[in-house]
Amino acid sequence: MSPFQIRFFSLLLNSFATAEPFPRTYNSEPGNQSPMSAKEALGKLRLPEGFRATLFASEPDIQNPIAATWDHKGRLWVAENYTYAERQKRFDLGLNDRVIILEDKDNDGKAESRKVFTDQVQMLTSVELGRGGVWLMCPPQLLFIPDANADDIPDGPPEVILDGFLVAEDNYHNFANGLRWGPDGWLYGRCGHGCPAKIGTPGTADDQRIPMKGGIWRYHPERKTTEVLCHGTTNPWGHDWDENGEMFFSNTVIGHLWHMIPGAQFKENTGESPNPFVYERMDQIADHYHYDTGRSWMDSRDGKASDFGGGHSHIGGMIYQADQWPEPYRGKYMTLNQHGRRVNVERIEPKGSGYTAKHEPDIIFSDDSWFRGLDLTTGPDGSVFILDWSDTGECHDLTGVHRESGRIYKISYGEPVKPDLSPLSDLTPDNIDKLIRHPNAWFYRQMRNRLLDQDLSSEAGKRLQATARKSETNIPRRLRALWLLFAKKQLSYEQILPLLTDENEHVRTWGIRFLTDSLPLDSITGNTFTPEIATTKTAKLLEPLASDQSGLVKLTLSSSLQRLPREERMSLANRLVRDENFKSDPFLPYLIWNAMANVSKDDLSALLLVLENNRYPRITRWISRFIASQARENAQAYEGLFILPLSEEMKIEVLEGITEAFIGLTTAPKPQAWNTFSASIKELSAQSLVQKISILFGDTATISHLKNVVLDEKTEMGERRTALDILIDSRIPNLTTLCQQVITIQTLNGNALRGLALSDDVATAKLITDNYGNFLPADHSALMDILASRSDWAAVLLDQIASGKIPKSALPAYTARRIRDLKNTALSEKLDQVWGTLNDSAETKDQEIAALKSRLAPEILAKADLKNGRKTFSMVCSSCHMLYGEGGVIGPDLTGSGRGNIDYLLENILAPSAVVGADYRLTSLSLRDGRTLAGVITARTDKTMTLRLPTGESTLELSEISKQQTTPYSMMPEGLLTILSDTQVRDIIAYLMHPEQVALPD
């Protein structure tokens, strides 16, 4: 543990031992700001016709609400977080967090009762009830506070159930949160990728812990088992299960709605998968974004809408499963959109083997600028409760935290009826039967949680068994009975088997899950599986489902592959890949491949067998890449790849996979059947792949042909560029001479820069700078980056800038820092003279931010030329950042970010290295040819490393690298505004703060 986390745990234990008074809170917002009154804020809510809102609770009764859950008495348990602080502090451990209990006995929409359960915890993000106590997520720990007699008084200090949910030193959001009981009796939670976890019970050795970098995990209180179910996304903060037990969760930045599939590897906004065999990752299920990505709404989803939804930050998740709200809202997924100050509504529909989500009209808008919705939940009367953190901070409370405000709103349709909660206090067979049929899922969930804490009577068990039978035609009701029986260990092996052949796909799906629930999942770690755990009999029972024509059944079966030992796994995968009807499915190939790759390294022949029967193009590509990456280690399997009887479509996928495997390599072993295999490829679009691979195999005739193509002025320019790229990637002899021959040809010389960069002759640098005017503006960034890769080349560049032959404004701040990082005193002095000074002092940065903010008052920004701001953005920012669908992918997409807040903007622009996530840290590579490269590592194999540069990605053989150093710097450089005039600074800041795209200047 870090010193910060050791201090936290020590304070936690001491506070319970001494029962210290709750520390006095304070506000750290600048200017002593205060929100409008809670009553005024209530009036700022805009609701659909027929809806009404009441102020369930507000300050001082509730402050900084971060999460909530319910008990069977209809009381709302709320987690209040006071320790979360502004970026400079991260957390203030001089404060405490607490859990309070609110109750509205007369159901008038206002809580009249409040009590404190505990105020002796810190870094609290979530609360859940059950199994004889209260569960709290307090990163880095999952805590359990026993309260066996349910008197709302802790029976003792917190027990640390799990730890390892780290709060990264370079991050203070993305941390673990979201405790919820699942339908299967497991406790589920979420974790963001910026705070990677290593989960285990206290004292677990590091190499025995379960790694996690974003996604969903679960814990079984009786088995003491922890699983990481899926990996990826950015910052999941909200989830729920639909009536069929499918889990969906909210996420921020890169997509807002995801289907939780065990074993899935989901996209992240940056960084590589911890599993080296995962070549591509699954995307969100929503067919749209809640911000303008630069495409028309028609391009981002099916249908039309004038409003995208508010922004990229999504918090909370709820599927409305009650009958108090009208029918159009039932079964819809709802999430709070922070920047849009509203609730987004999603309609989830089947698609392929999984689901897609369509945008429904947004509801519940707030015109209170302090509204910061953090969670929403359905209550016992079917109304929806919304937690409002109530603060000015955009995403990360950048400027400070207002700890003395907070609201909870109750949203009802018409006048809600007071619910009868008495059946939950007396779980007789009749009441259990009544509750399992209740139209409000809240009642079933409360009953389930209570029954997990007590014995189930014989009569109640018989009735549940009856409801679970095939004769029950209401599938959600039947599933409720099955889930409860399974969680109570009253669903036998013999009762599970008929579920696998049930006529309903959701029942068959849960039959698979029940059968494999106790088998460990190896998708994240790639660890060697223990065959004894899963029996051949289990796999045999699942085999018939491989031909099931329900996509959802196939999805669940493919997900469960990772719970089977190698031989049974490969056998079942071989059956799954044969189905022609699902070859274009957007989900299945990912899951099937993930399962195979983890266990196939020592038996590539099994993969060849799968490949021969496979109908999924993606799987063919990934198997080919996997086998080709081990061409020298397993020549027999590599040779076998080229003699399989495949269609031309699949052969092209083989070419794609081989090309991906050999990226960064200059030679590769030529298989005996290559000439026959390549001659069988007739598709013209695939010929560049054939040529590229042929050169790797040493084909001099292909090299000669492509050289002629590059130099032939009659050949179409796109073909010439492709030919030159192939030759550069292959590092052919006399490459520098070829590239020099085209240095005056626009649109071709930009490609030639990559080849010229491989030269160690300073005369080449002089040639490049002398021809600066011949390069297109789009190539200038790459040109500068190449000249900064060697000290003597950088000296040539600075001389040209000093002489005025190259404008000072052409040198980006990123490249200026790279020159300084060459550690050449004379160069650094020259840089200061001809370009300007880069200053890393935190104190200086604070002064710069304050000074610039004072010069960018609202009345000054109002005079800005937004068109010129967009032009300036294109010049200094777009090589790394995407905005409205245009720009680079080096840094985060700015479209849906909190850029409307000037404090957020200025700190990130002027002090980008103040807080840098591990995935954005700059890595500097010294190469054996004398170059220095700096970028973010995006992928690595046992032979190559891929570095993301502002000019694109570069893959290098590890043998080329002499030294590697990870820096504390962000890819985004200091001094970004140094080369801009005051007018340009004003215009670019105003443009970034503007909520819509503007036209470029004429």
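Methionine 447, once its neighbours within four places in sequence are set aside, is in contact (heavy atoms within 4.5 Å) with Leu424, Leu427, Ile432, Leu435, Ile436 and Leu484. This is a predicted model, in which local features need pLDDT of at least 70 and side-chain atom pairs count only at pLDDT 80 or more, while totals for chains, interfaces and linings use all residues. Residues are numbered from 1 along each chain as its sequence is written, and side-chain values use heavy atoms, with hydrogens and water left out.

Met447 also belongs to the largest nonpolar core, which has 136 residues, and together with Ile592, Met596 and Phe662 it touches the most other members. A second, separate core of 75 residues includes Leu748, Leu753, Ala864 and Leu906. Such a core is a set of buried Ala, Val, Leu, Ile, Met, Phe, Trp, Tyr and Cys residues joined through side-chain atoms within 4.5 Å, where buried means under 20% relative accessible area, with a 1.4 Å probe and protein chains only.

| Helix | Residues | Detail |
|---|---|---|
| H13 | 566-576 | contains asparagine 574 |
| H26 | 780-787 | 6 of the 8 residues buried |
| H33 | 902-910 | axis within 10 Å of that of H34 |

Asparagine 574 counts as buried because its relative accessibility is 8%, and, apart from neighbours within four places in sequence, asparagine 574 is in contact with Leu609, Val610 and Asn613. The buried residues of H26 are His780, Leu783, Met784, Asp785, Ile786 and Leu787.

In H33, Ile902, Leu905, Leu906 and Ile909 meet Ile989, Leu992 and Met993 of H34.

Note on methods
Buried means under 20% relative accessible area, exposed over 50%, partly exposed in between (1.4 Å probe, protein chains only). Helices (H or I, at least four residues) and strands (E, at least two) are DSSP runs, numbered from the N terminus. Axes are lines fitted to C-alpha atoms, for helices over the stretch in contact, and angles run from 0 to 180 degrees between N-to-C directions.
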